Amino acid sequence: MADSFMGKAATMEIPINSNGETLAEDDSLEQDLQQVMVSGPNLNETSIVSGGYGGPAGGIIPTSSIKGSGMHHSNSNQNMSVEEANRGVAVEKLDSVKKWGINTYKCTKQMFSERFGRGSRTVDLELEAQIDVLRDTKRKYESVLRLTSALTSHFYNMVQTQQALGDTFADLSQKSPELRDEFGYNAETQKLLCRNGEALLGAINFFVSSINTLVNKTMEDTLMTIKLYEAARLEFDAYRADLEELSLGPRDAATMVRIEVSQQQYQVQRDKYERLRSDVTIKLKFLEENKVKVMHKQLLLFHNAISAYFAGNQQQLEQTLRQFNVKLKPPGSDKPSWLEES
């Protein structure tokens, strides 16, 4: 029985199309081939003899060639699975680009409609007023930060000049016996002014650092959330306008499906808009509280330090630095050590 099936399998023709794929046959062919594979001999131990060619050498097919063909078939399957995975990734990317393009088109259309007065936009008057106040406050605080930074730079140069002048007076005091006292008084005065100037520089640097953190980190973080909120508002209005336009059209079956999809997208954008509006409201509240707290401390420090310095009150200046926990760098700490210089 096995020989009859083997002979049938050896002489059977299997049609193949132009792409190299086998054409569908009746179920009997598939059953016969399956039965041949089940009832046939063990290919690992024997050779397969093709029928009708009479010569032992010409009619024997080594089993190693069958194994090699099976390995090639396995590699082909692996290549096909890799190609299918790559095709799936490409489809996902294409779908993502398609969604991005549709969303960009709707938002751009809504933006131009608002700009030319043909479309409506969602406005929260109270929140918009708070956002405008924040942006104006940030511009003014940036001006304060720029001016105090310039003051720090100029005052630092003055302190360095006083220190060099004091050293020169001290040197001349040693080399000019007839003017020793006069040069000595001036040297001590410049050194005292230099010490007080370094203390004032520490206070101003602390003030500048705090204002910089408030403006470029705290306020900037809130403004980034505001930008996300404004983008979500534009998307929400774009999908709202799209839903309204569909609702005014005919109510056939295809349109009803589009309206249902548009309602789902509208709800998603509305939830996103409401969430970001809540985030902006909370951040504006905490920013205002933090701003008042920080500026109350920093303005008091700035006033007391400036007043004590120009009044020549060294004790009050040092007390102000201790009150606000301002740490001064020791003289010469910015200079490299002799090991680094060498």
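**Salt bridges and a nonpolar core**

Lys175 forms a salt bridge with Asp171, and the closest N and O atoms of the pair are 3.4 Å apart. This distance, like every other value here, comes from a predicted model. Both residues belong to helix H4, where Lys175 and Asp171 are four residues apart, about one turn of the helix. Lys175 is exposed, with a relative accessible area of 60%, whereas Asp171 is partly exposed at 36%.

In the whole structure, a search finds 14 salt bridges. Another of them joins the side chains of Glu244 and Arg240, at 3.2 Å from N to O. Glu244 and Arg240 lie in helix H5, and because they are four residues apart, about one helical turn separates them. Glu244 is partly exposed, with a relative accessible area of 42%. Arg240 has a relative accessibility of 15% and so counts as buried, the cut-off for buried being under 20%.

Residues 259–290 carry the annotation "coiled-coil region" in an unreviewed UniProt entry. In the model, the chain over residues 259–290 is 100% helix and 0% strand. The end C-alpha atoms of this stretch are 46 Å apart.

The next topic is the nonpolar side chains. In soluble globular proteins, such side chains tend to be buried together. The largest nonpolar core in this model has 42 residues. Within this core, the residues that touch the most other members are Ile131, Leu134, Ile226, Tyr229, Val280 and Leu284.

Ile226 shows what the surroundings of one core member look like. Apart from its neighbours within four places in sequence, Ile226 is in contact with Ile131, Leu134, Arg135, Val280 and Leu284. Among these partners, Ile131, Leu134, Val280 and Leu284 are, like Ile226, listed with the core residues that touch the most other members.

Conventions. Residues are numbered from 1 along each chain as its sequence is written. This is a predicted model: local features need pLDDT of at least 70, side-chain atom pairs count only at pLDDT 80 or more; totals for chains, interfaces and linings use all residues. Side-chain values use heavy atoms; hydrogens and water are left out. A nonpolar core is a set of buried Ala, Val, Leu, Ile, Met, Phe, Trp, Tyr and Cys residues joined through side-chain atoms within 4.5 Å. Buried means under 20% relative accessible area, exposed over 50%, partly exposed in between (1.4 Å probe, protein chains only). Contact means heavy atoms within 4.5 Å. UniProt positions are given in the numbering used here, feature names are shortened, and annotations may be inferred rather than shown by experiment. Helices (H or I, at least four residues) and strands (E, at least two) are DSSP runs, numbered from the N terminus. A salt bridge is a side-chain nitrogen of Lys or Arg within 4 Å of a carboxyl oxygen of Asp or Glu.
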